[in-house]
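Welcome! Take a moment to look over the sequence and the model shown here, and then we will walk through some of its features together.

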Amino acid sequence: MSAEARVIRASAVILFSTLLAPALQGQAWIAPSGESSVALTFQRTEFEGHFFYDGSRIPHGGSHSRSLALGIEHSLTDKFAISASVPYVGSENGIDPQPVLGRDGIDDGNYHSTWQDFRLGARYNVLDGPVVLTPLVALRIPTHNYPTIGEAAVGPDLRELQLGVDAGHLFAARNVYIDAEYAYAIVQKFKGVSMNRSNVDVEFGYFVFPRLTVRALINWQKTYGGLTTDHVFATTGPPFRNPDLPDALWLAHDRLLRDDYWRAGAGATYSMTPTVSTSFTFVKPLRGTNSHYGYLYAIGFSRTFSPK
């Protein structure tokens, strides 16, 4: 594997351990047989409010979270790699320390921390020519039944199967690469509500010099199902809740929203040694519906172990 490909993959291992998006966050390139990478990533998320069903911004229901994720990837062959990660997440609701909209839950202005979801993945490279093509599969399994009612919830507590494909190309003469991934998630239903979705993640990278890479990121998500905010909330005044919405869906609407968005970001990866890399990533939602707006950033460290 070339030095450039190692830098690309180092950033991929770090991204796999973060919560930048619920997609696979894989990479088209696979390390040589027997090589392993371990990544530790800290992420801070600042959600300031919500995108309403029509794309307008509502400065209510914000939340803050911080997470520390451990990710491991191992190449069984030159073409086949497996991976696993798990984050420890702490979240709190925003400015208002009271339960949002009168619901009983964990929105008390304090951080609530717990292990979130196991993520187990596998990638197999089928094309290693000018364009590198690598299908992917992953499972997301909650570590336990954690609370899901409130803005301070650390996750949706839903199982899912993700299927995707990653394509990459390295423009060696120009020190530029592009990596694009599509993933489709089959999500466990709750009270008959489907939350299946598509994710597209595109990364453009430029090698400033062999050890330093800068990146531009684009993330897109489309959810096929879920609840829209005009279905959850009344259109005028208190009590805000749509009276036609069943109690079970009202209480669980945080994890059942039809979350669609466009996000963009930038980052950099620096290889301190041939086996140790550090990375910084910043992402901001551009627009969305039934989603959050704000920003997030992640700082990660990756260590590669090779039998050679």
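Glu-160 and Arg-197 join their side chains in a salt bridge, with N and O 2.6 Å apart (a salt bridge is a side-chain nitrogen of Lys or Arg within 4 Å of a carboxyl oxygen of Asp or Glu). This pair ties together distant parts of the chain: Glu-160 lies in strand β9 (residues 160-171) and Arg-197 in strand β11 (residues 197-209), 37 residues apart. Strands here are DSSP runs of E with at least two residues, helices are runs of H or I with at least four, and both are numbered from the N terminus.

Are these two residues buried or exposed? Glu-160 counts as buried because its relative accessibility is 6%, and Arg-197 is buried too, at 7%. Buried means under 20% relative accessible area, exposed over 50%, and partly exposed in between (1.4 Å probe, protein chains only).

## About the model

The model is predicted: local features need pLDDT of at least 70 and side-chain atom pairs count only at pLDDT 80 or more, while totals for chains, interfaces and linings use all residues. Residues are numbered from 1 along each chain as its sequence is written, and side-chain values use heavy atoms, leaving out hydrogens and water.

## Other salt bridges

The structure holds 6 salt bridges. One of them pairs Glu-73 with Arg-123, whose closest N and O atoms are 2.9 Å apart; Glu-73 sits in strand β3 and Arg-123 in strand β6. Both Glu-73 and Arg-123 are buried.

## The whole protein

The protein has 3 helices and 15 strands. Of its 308 residues, 50% are buried.
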